[in-house]
Every structure is written in C-alpha cells, then in structure tokens.
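These are my notebook entries on what I looked up, in the order in which I went through the model.

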Amino acid sequence: MSGIAAAFLLPWNNSHQTVYDRLTLMLPKLALRGQAGVGVAAFMHNKGIRYKSASQPSRELSAVGIDERDLKFNPHVAIAHVRGRTRRDAKSDDQPARNRRTNTHQLAMFLDGALANAPEVRAELVAQGHTLGRTDVEPLPKLVEHICERDYWRQGLRVDYEKVFREIDERIDGAISALLLDAEGNLIAFRNRYGLRPLEFMRTDDGFLLFASENCAFAGLRGESDQILPGYIKYVDGKRGHCLDRRVSASQETAKLCVYEALYLGNPDTSIEGQSHRETRYNIGFSLGDLIAQRICAEQDGDPVIVSSMPHTGGPYADGLFSSLLARGVNVERREVIETRLSERTLIGPTSERKHRIARKYRLASTDVGRRTILIADEALIRGDTSLTITNMLLAAGAEAVHWGIGSPPIVAPNYYGVDIEAIDELAFWQAWKRLPAQQQKRSLLFKDIEPHVLQSLDRRIAAAINAATVTYLPFSRLSSLLPRGSQGIDLSPFTFEMPTLAGQSRANRDLHNLVADYQNAA
C-alpha cells in the first residue's frame with residue numbers, strides 16, 4: 001500500500017506555483033495509502049535529480065520541497081511516494097528510488113502495488129548478477145534498469161520507453177502503477193495491464209501536468225482530468241513538455257480495480273465513475289441496517305444502541321448504518337467510542353509487531369459505555385486481532401455487549417497485490433473454518449456462494465473468537481450491487497478466491513492446498 005504523485009511544470013505555464021507547491025497540495029490527500037514516510041525525487045536541467053525523504057509524513061507533507069543546500073535548485077518536474085510498511089520486516093517500504101549509476105543513466109522510480117511473481121523476477125535478476133534488497137517491489141526498478149542497460153545505455157542510444165515498458169508489462173504479473181523520472185527530466189507514468197491499482201492524470205489550466213494514485217488529489221484545481229488506462233504509458237518530454245499516450249500491453253486483459261480501493265485504501269473523496277468512496281461506504285452501511293435491525297431490537301433494554309466506527313475508515317459505514325437503523329425505528333445513538341493515538345495502519349507486518357501497534361494505537365474516546373450495547377461498523381474483518389482488542393477494551397469499560405457490522409463478506413483469500421494479506425492461515429475465516437464440522441467445511445469452500453446456514457455457523461465462531469455478541473457480514477450479492485462498477489469492473493477475489501492474475505491464482509491455489517493438507521494431517 002502506497003501512494004504516488006508527480007508534478008510537471010510545462011514551459012508555457014502561467015503559474016506562480018512550483019512543483020513542490022503542487023505536491024504539497026496533493027500528498028496529504030494520499031496519506032491513507034501509507035503512513036511510514038515520504039520520498040521525493042526532483043529534476044532540474046544542469047543539476048540532475050535530487051532526493052528528499054522523511055520518515056514522518058505527518059510533519060513533512062506540508063513542506064516537501066525546500067532544498068536547504070541549494071536555494072537555486074528550482075525543478076520543473078518531481079515525483080513523490082507516500083510509502084507504507086512492508087510485511088517482510090515491518091519497516092518502511094523505502095523503495096529503491098534511484099539507481100547508483102552515473103548521472104547520465106540515472107533513474108528514479110516510485111511504485112504503488114506489488115508483483116505476484118516477485119520471487120521469479122528476483123531469482124532471474126540475481127542469476128544475472130544483480131544485487132537486490134529485501135522488499136517485494138524492488139525487482140521492478142531493477143528490471144527496468146537492466147533493460148535500459150542491455151538495449152540502450154551500452155550502445156549509447158536514447159531509451160525508447162514504449163519498448164521498455166512493453167517488455168515490462170509482458171514479464172510482470174501483479175498490480176503496478178509507477179512513475180519514472182530520468183536524467184533528462186523525462187517523466188513516464190505506467191499502469192500495467194491488469195489495472196488493479198489506479199493512476200490518475202490532470203492537465204491544469206495554469207500549465208501543470210499532474211499524476212496521482214487517486215483523483216481526490218486534484219481537488220481544488222481547475223483543468224481536465226482522466227485515468228491512465230491499464231496497459232498504457234504516458235510519456236512527458238523533459239525539455240518540450242510534449243505529452244504522449246502509448247499502449248504497451250500486447251494482451252486484452254479485462255481490467256478490474258481492486259475492491260480494497262473502494263472499501264479501505266482510497267480517500268473517501270476519491271470517486272469512481274462519479275460515485276465517491278464515501279457514498280459507496282455509506283450505502284454499504286445502510287444496507288447492513290436491515291440485516292442487523294432485528295438482532296439489535298431483540299436485545300434492547302431502554303438505552304439507545306451506540307453506533308460507532310473503526311477510525312479512520314469506518315465513519316461512512318457507521319453513518320449509513322445509523323441512518324438505516326433509525327429509519328427502521330431502532331433506538332440508536334451515533335457516537336464514537338474509540339479513537340486513535342497513531343495514524344499508521346495496523347494491517348501490515350509480522351504478528352508480534354502488529355499486535356504491539358494495535359495495543360498502542362487505540363483507546364477509549366469515552367468511558368461512558370457502562371451497561372450499553374455497542375455496535376461497531378467496520379469495512380472488513382481480516383484477522384480479527386484488532387476487533388478482539390477493541391471488543392475487550394469496551395467490555396472492560398463496562399459495555400453490556402459489543403456487536404460488529406462488517407461492510408463486506410468474509411475475506412477468504414490472500415492478497416499479493418500490495419495489501420500485504422499473504423498468510424492465508426491468519427485470516428479469521430480460516431481459523432473459524434477449522435472449527436466447523438467436516439460437512440460444513442466442504443460447503444464453505446464455495447466461498448461467495450456459501451449457504452446461509454453455513455455462513456451463520458462461521459459468523460458465530462468468528463464472533464466467539466473476538467468476544468463479540470454477534471458479527472454480521474454484508475452478503476456478496478449486496479456488495480457487488482453497491483459497488484460503482486459492480487462485479488464486472490472490480491476485482492472481488494478477497495471474497496471469491498478467483499484471482500485477477502495467473503501468478504496470483506497459482507500462488508493462492510498452492511497456499512489453499514497447503515492449508516487444507518496441513519489441517520487434515522494434523523487432524
């Protein structure tokens with residue numbers, strides 16, 4: 001999970017703003033995509049590429065650019081990366097933004113997403129003598145550098161980025177949106193053929209070309225905007241500012257946006273086909289209301305049910321759920337009972353590191369929950385460790401019962417595309433699955449088509465695992481009807497186990513086979 005952005009000041013601009021000013025405007029709106037730091041690479045003719053990084057984005061996002069060493073460094077183009085943590089070591093995903101070659105062949109590259117076939121690409125590069133670090137995204141910049149060296153730099157030729165990224169698109173499997181800046185000030189934006197990670201573009205009225213992971217980054221600016229299509233590059237000439245679109249994908253894939261973008265990753269103000277993520281999340285919460293109303297009504301005893309959310313992404317879900325319950329005559333109160341002390345997400349990293357961050361991150365927003373029924377709205381229940389911590393916190397404060405309304409179906413599949421859900425046996429679904437009767441275990445492998453009574457058995461076991469009174473999931477059919485592109489334009493693999501790429505499906509099948517085999521052998 002990360003966010004990328006770029007600003008290119010056109011030669012014929014009429015703006016008093018700098019590329020740093022534009023990044024300062026855009027980057028805070030991408031902060032949900034990564035909380036571990038910010039990296040910036042900027043280019044000025046006759047001075048080359050310079051770099052700036054910070055480990056605390058909350059402090060640095062408001063002033064990303066001033067180069068204290070040289071106040072005469074006024075770049076006309078800059079790319080930036082709001083980076084997250086890596087699952088591999090829970091440290092910042094400080095992407096290999098630069099190669100260490102001569103200034104003539106210098107490249108800077110920032111990525112959003114991940115490679116499903118990273119192990120294969122890494123092994124190939126290592127066999128060719130390249131040295132790589134530990135992150136799963138590093139093979140891609142190294143592969144770009146390798147192709148440039150092989151086909152162009154050795155011969156003293158100008159790089160043809162259309163050909164470079166055509167080969168890249170053929171050789172990688174996964175979800176990649178990328179920005180590349182070279183030693184001549186050329187800017188290349190690339191979105192691979194599967195289209196799982198978004199990449200947006202804007203030509204402003206005052207003479208900037210802007211790129212960002214989400215279109216909310218352009219709020220407040222005037223101009224024409226559009227998405228970069230999957231399987232395309234957008235090339236901006238570093239000297240003349242000419243902007244060209246080139247298709248680099250040789251295959252006709254059915255591009256689908258990752259569902260986590262709409263449910264979790266994206267800024268609420270980002271829109272898909274005119275519908276904001278905030279609207280989508282509110283509608284999901286509203287749809288949950290009629291599933292939860294009967295349960296809550298049966299347990300009410302005077303005081304209104306407190307409808308709360310998981311900060312910072314659960315607010316619209318809770319708003320919709322509250323409105324739905326109120327419309328159905330349920331005695332409810334909308335109030336936040338949990339607040340955060342840290343901005344970083346707790347989804348990523350080894351188990352011990354995540355549990356440490358969970359314990360530090362959340363606290364009660366109000367101690368006035370004694371003998372009250374609490375309903376928490378959340379977008380997903382992945383492992384259950386955060387839900388367990390919150391439930392126990394509220395019960396310890398005297399809450400009568402804690403219910404959970406989940407704005408998605410059970411998550412059954414790993415994710416190799418930048419969300420860092422790779423250990424399938426950590427998922428709450430599979431922990432509950434192991435406790436089902438044998439016949440229900442078989443039926444639950446239907447995933448999105450699980451029979452209601454089997455799903456209810458899973459719900460009860462997951463609720464018991466997190467000490468909750470109930471857990472209510474949004475059925476798959478409802479979710480697909482509420483998303484702006486429906487089941488045709490959104491990757492729903494977290495709930496179906498139908499991966500969007502071949503390498504991803506192969507890895508997922510192998511992980512599932514190993515999990516079931518290990519369980520059967522242990523039994």
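I take contact to mean heavy atoms within 4.5 Å, and helices (H or I, at least four residues) and strands (E, at least two) are DSSP runs, numbered from the N terminus. This is a predicted model, in which local features need pLDDT of at least 70 and side-chain atom pairs count only at pLDDT 80 or more, while totals for chains, interfaces and linings use all residues. Residues are numbered from 1 along each chain as its sequence is written, and side-chain values use heavy atoms, with hydrogens and water left out.

**Entry 1: a helix pair**

I first listed the residues that meet between helix 4 and helix 5: Leu 140, Leu 143, Val 144, Ile 147, Cys 148, Arg 150, Asp 151 and Tyr 152 in helix 4 are in contact with Lys 163, Val 164, Phe 165, Glu 167, Ile 168 and Arg 171 in helix 5. By class, this contact holds 9 nonpolar, no polar and 5 charged residues, where Ala, Val, Leu, Ile, Met, Phe, Trp, Tyr, Cys and Pro count as nonpolar, Asp, Glu, Lys and Arg as charged, and the others, Gly among them, as polar.

I then looked up the geometry, since two packed helices are described by the angle between their axes and the distance between the axes. The axes of helix 4 (residues 139–153) and helix 5 (residues 161–171) come within 10 Å and cross at roughly 135°; axes are lines fitted to C-alpha atoms, for helices over the stretch in contact, and angles run from 0 to 180 degrees between N-to-C directions. The two helices are therefore oblique to each other, given that angles under 35 degrees count as roughly parallel, over 145 as roughly antiparallel, 65 to 115 as roughly perpendicular and the rest as oblique. I also noted that helix 4 passes helix 5 in a right-handed crossing, a crossing being right-handed if the near helix is turned clockwise from the far one by less than a right angle, and left-handed if anticlockwise.

I next traced an open sheet of 7 strands in the order 3-2-4-1-9-8-10, with antiparallel pairing; two strands pair if DSSP finds at least two bridges between them. Strand 3 (48–54) and strand 10 (223–227) are the edge strands, each pairing on one side only. Neighbouring strands of this sheet are turned by 15° against each other on average, direction ignored. Helix 1 (residues 19–26) packs on the sheet and touches strand 1 (3–9), strand 2 (37–44), strand 4 (77–83) and strand 9, its direction making about 150° with that of strand 1.

Within this sheet I followed strand 8 (residues 200–204), which is joined to strand 9 (residues 208–212) by 4 bridges in the antiparallel sense and pairs with strand 10 over 5 bridges, also antiparallel. Arg 203 has Leu 209 as its bridge partner in strand 9 and stands opposite Glu 224 in strand 10, while Met 202 has Leu 210 as its partner in strand 9. The hairpin of strand 8 and strand 9 has 3 residues between the strands, and there Gly 207 takes a positive phi near 100°.

I then turned to an open sheet of 5 strands in the order 17-16-20-21-22, with parallel pairing. Strand 17 (332–334) and strand 22 (470–473) stand at the edges with a single partner strand each, so one side of each is left without a neighbour in the sheet. The twist averages 25° from one strand to the next. Strand 16 (residues 305–309) pairs with strand 17 in the parallel sense over 3 bridges, and Ile 306 has Glu 333 as its bridge partner in strand 17. Helix 10 (residues 385–396) packs on this sheet, touching strand 20 (373–378) and strand 21 (401–406), and its direction makes about 150° with that of strand 21.

**Entry 2: two loop phenylalanines**

Most residues other than glycine have a negative phi. Phe 447 has a positive phi near 55°, is found in the loop between helix 12 (438–444) and helix 13 (452–465), and is buried at a relative accessible area of 10%. Phe 497 likewise has a positive phi, of about 65°; its place is in the loop between helix 16 (493–496) and helix 17 (502–522), and at 6% relative accessibility Phe 497 counts as buried.

How values were computed
Buried means under 20% relative accessible area, exposed over 50%, partly exposed in between (1.4 Å probe, protein chains only).
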